[in-house]
Amino acid sequence: MSFSWCLFRAAAGRILIGLLVLASTVNAQERFRKTPPLPEPRQELKLPAIESHVLANGLTVTAANLPGQGIMTITIIVRAGDAHSPPKLPGLAAVTARMVGGGTKVLSAADIENFIEETGTDFSVSVTMEHSLFKIHVLEEYLDRMLVILRQIFLEPVFTERELTAVKRTYYYELREKRSNGEVSGMRQMVRLLFAGHPYMKATYAEDVIKFINLRDVISFYSAYYRPANIVFLVTGNMGLNSAVRKISQHFNMWPAHPVEFWQPPPPVANEKNRICFMEIPMARDATVFIGNSLPFTASDPDYFPFAVLNHILGGTTSNRLFMKLRESKGYAYYAFSETEFYLAGGLYWIKARSKLEDVNNIIRETINELKNISSAGFSPNEIEEAKSYLIGNFPLKIERPADLAETLAAITALNLGDSHWHRAIDNVMLVNLERVEEVALKYMSAPPVVLVLGKADLLTELIKEFPAIEVFDQFGSPKFVMTKGEKTQ
Amino acid sequence: MCLIKKMIVNIKRGLFLSLITVLVPVLLVSGGQFDRDFPDFPVEYYSLKNGLRIILCSDPSLPIVSVVVAYGAGTVREKKGQAGLAYFLENLMFQGSENVGPLQHISYIQKIGGELNAQTRFEKTVFYQTIPSNQLGLALWLESDRMRSLSLSASAVEKVRGELIKEIDNRLATEPYFPSLEYFDTLLYPDYAYGHPWLSGEDIRNLTLDTIRNFYRDYYVPGNAVLCICGNIQFSKAKELITRYFGTLPPGPSFRPPDPPSFNQESDVVVRSLNPSAASPGFCLGYRFHPLQTGDYHALRILEYILLKGNTSRLVSRLVKKEMIAYSLDGWVEDRMNISALKIIALNTNEVMSQRAQRVLAAELERLKTSPVSENELNKAKRLFKADFMRQMASRVDRALFLIDLAWRGNPLDSPSAELEKYMKVESQSILSLAVRHFVPAKRVLLNMGIR
């Protein structure tokens, strides 16, 4: 072998080694990339105190002092919601709330709107099962002006036929638009099915009933429920309780006191039999499935936090059981989640999924199996800890925006929950353990849930292949007939 | 009218006047009163050697932090036959990378209580998460891993393709005006890159693995990205983590900025579409605001508020409240690179009302070209804008997105309040001038949305 060849070989060897080193540097990743980093120590969450004071006329002022927002939020909570409407006048609570702000003895609806918007204020009204909520987001510098307007609106309202016509018209079209949405219709029908015979069923009306409401009804509802002792002014933002009381009492002390009847509906009774229901949404391309039951306990019950952990495991996010199984693993659903809602007398849980028509039976079967698994202690300790970690970590995110903070505090105030859902909320989640989750699962998930499917009429053919009887409802939620295998019962 | 009735009317009028006299001084809002500033947040900008632009914004009020990564990989980068490619990549970014399994990014964030999402927009695709601030390292680890080593396997691509096709079906099922709104964009921006639909079932079906890989290779690189961290952070600690996770990533190829559009429209465009699953007819009206002069953009946003924001805005007040010829009216300013457009969408109870609403709307826009907006009306719009701006700034994610938008346009700012100030200085003459130049037929597109 010649010397030059040796040199060439040595040089080639060095180049090769160099290339190999280079290649390994390019391809190999730094070690820290292989595993996620450990978290830093958790930082303290400092929550403002929720403090309350009752004025002489019974009006409650509640404040949570949170400086540095630039925006103040006033939430006026009237303890009168859809469930308070008379049985023959569903929707009256919502129409009345929308009429408030529609004119006073000296200001027209247009004047009021002008005054509100001139200050950059956002004023909105929403009506829930048991409350009417007036939400006002106002720049700090215009709070005093806004209180003057609110005094006018609440203490000297004038209800006119003209305004009622306008409110009914807008509300009618809103409800009609919602009816074509499978999710909204489905949720309403679930409440109707689960709270049959209960005052909560009154919240399940469609647009067809709005025409029955007249001005006398509105005035009567307002007189009965818009009374100081039935109202809470919740103030969040750069203001403590003393200042809030001073400012609000200056305007609302003159509101005469009236006794208000304490309203406590009975707890709902859970569904005990297998029910498969169908509601037609003529233009729907897909099927929306709801599966759920009522819950005979309130958010102040010790079972609330274990149930929150349970609900999260079932379908709180896209990483949880139902989504992973029905969408990611089986490919049956576009989505699948579980949710809960609580009122003064109890609550409900429901699972919601959307799918193609041909996958509906699979979704129902898999979900019911999952509920059976859950009610028979099918949890791992790891799942419990992950669910708790989510609920604890997510808590500050729920109060980040002034509007979110106000909404959280409004729910706590409206449902009389107090500190157990505020300063002690994280501790309450931390205390949940495997045994408590298994206990509530057995207690509340063992009863057969109500199944409701929404979609085109073709779906009935699909459902009857799997289930012996289907209760069929019209698009307003009224029963039409029961379809049994091989026959139709009127 | 009988005498007694007249007297009652007069008494009422007198009472009304005296009460108004008492109330008005209290309620009147003095012009230009924007005295109380909202809290500012320290912001710092810098770049890594590989071109990754960084924005840090501190806010210690809650123990949370938002981490946002934006790539210059929006729909403008899609070529003909690729409608939906940018959105395809957005979805693939959750299908795993070298050290993170499929959908694990989501589960890592959700396990710690975080919330996350992504958006495909016109010029960029944005990924964001808000998490407990002690977990900042985790978010940076996850984002850097998918920036450097996304798994683009054939199976992942097919899985996402199937999901997107389902999503299109779902949107068609639940959003009756969805096809019309996509069609409207093609009319308003008659240039493929600017106006093509952001999601096309046919194109999604035909996209090849190579096309998808090339899109990732070309655009999902540090040199084409901005990282913004906003929340309870110490800048020095955050910088250390950023260098660790992103500092050694290669910058990626260089590429041309998107071509400017060429709109060839000489007179107004009026077209009709059919929406058989919709409950009501309606229309979409749009005006392109291009080219814009200095200060025009701020005037345009205030004009948006004058016309459309709040019940007392000109259009909502007249069409919805007073004349009741539209039962729903919405509108907004939209930006596609340096092209801004004002879009207005109305729903009406029937076709006759729809036509009437269009005539009234046209008259209102014409009025803006001849009569200056009053000082009171201008100030009202500014206050509404300010309140919305402050609500936006209250969220860390929204604040980060806002800072990224400004930086993307080459206008990084020291503080949000400095930007707000520009809107507060808009004068009525600027709005009149803007209306004269842009409310013209050659920039107008109208789509009638029929139901049969």
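Visitor: What makes residues in chain A count as buried, and what share of the 490 residues do they make up?

Guide: In this predicted model, buried residues make up 55% of the 490 residues in chain A. A residue is called buried because its relative accessible area is under 20%. The accessible surface of chain A comes to about 21100 Å², with 55% of that area belonging to carbon and sulfur atoms. The chain has 16 helices and 14 strands, and its C-alpha trace spans about 115 × 70 × 45 Å along the principal axes.

Visitor: Why is A:Asp303 called buried?

Guide: The relative accessible area of A:Asp303 is 4%. The cut-off for buried is under 20%, so A:Asp303 is classed as buried.

Visitor: Why is the pair A:Asp303 and A:Lys443 called a salt bridge?

Guide: The N to O distance between the side chains of A:Asp303 and A:Lys443 is 2.7 Å. The limit for a Lys or Arg nitrogen and an Asp or Glu carboxyl oxygen is 4 Å, so the pair qualifies as a salt bridge.

Visitor: What does the pair tie together in chain A?

Guide: A:Asp303 belongs to the loop between β8 (287-295) and α9 (304-315), while A:Lys443 belongs to helix α15 (residues 434-445), so the pair ties together parts that are 140 residues apart in sequence.

Visitor: How do you know that A:Glu207 and A:Arg179 meet in a salt bridge, and which parts of chain A does the pair tie together?

Guide: Their side chains meet at 2.4 Å, N to O, and the cut-off is 4 Å, so the pair is a salt bridge. A:Glu207 lies in the loop between α6 (182-194) and α7 (215-225) and A:Arg179 in helix α5, so parts that are 28 residues apart in sequence are tied together. Both A:Glu207 and A:Arg179 are buried.

Visitor: Why is the pair A:Glu386 and B:Lys111 called a salt bridge, and where does each residue lie?

Guide: The N to O distance is 3.5 Å; the limit is 4 Å, so the pair counts as a salt bridge. The pair crosses between chains, from A:Glu386 in helix α12 of chain A to B:Lys111 in helix α3 (residues 104-111) of chain B.

Visitor: Why are A:Glu386 and B:Lys111 called partly exposed?

Guide: A:Glu386 has 28% relative accessibility and B:Lys111 has 35%.

Visitor: How many salt bridges does the rule find across the interface of chain A and chain B?

Guide: The rule finds nine salt bridges across this interface. A:Lys356 also forms a salt bridge with B:Asp169, where the closest N and O atoms are 3.2 Å apart. That distance is within 4 Å, so the pair meets the rule. Over all chains, the structure holds 61 salt bridges.

Visitor: What makes up the side of chain A that touches chain B, and how much area is buried between the two chains?

Guide: In all, 69 residues of chain A are in contact with 77 residues of chain B. The side of chain A divides into 24 nonpolar, 19 polar and 26 charged residues. The two chains bury about 6700 Å² between them, 55% of it on carbon and sulfur atoms. In chain A, A:Arg33, A:Glu117 and A:Glu400 lose the most area to chain B, together 10% of what that side buries.

Conventions:
Residues numbered from 1 in each chain as written. Chains lettered and ligands numbered in written order. Predicted model: local features only at pLDDT ≥ 70, side-chain atom pairs only at ≥ 80, totals over all residues. Heavy atoms only, no water. Contact = heavy atoms within 4.5 Å. Buried area = accessible area lost by both parts, 1.4 Å probe. Nonpolar A, V, L, I, M, F, W, Y, C, P; charged D, E, K, R; others polar. Helix = DSSP H or I, 4+ residues; strand = E, 2+ residues; numbered from the N terminus. Buried < 20%, exposed > 50% of the residue type's maximum accessible area, 1.4 Å probe, protein only. Areas by Shrake-Rupley, 256 points an atom, 1.4 Å probe, with all protein chains shown as cover.
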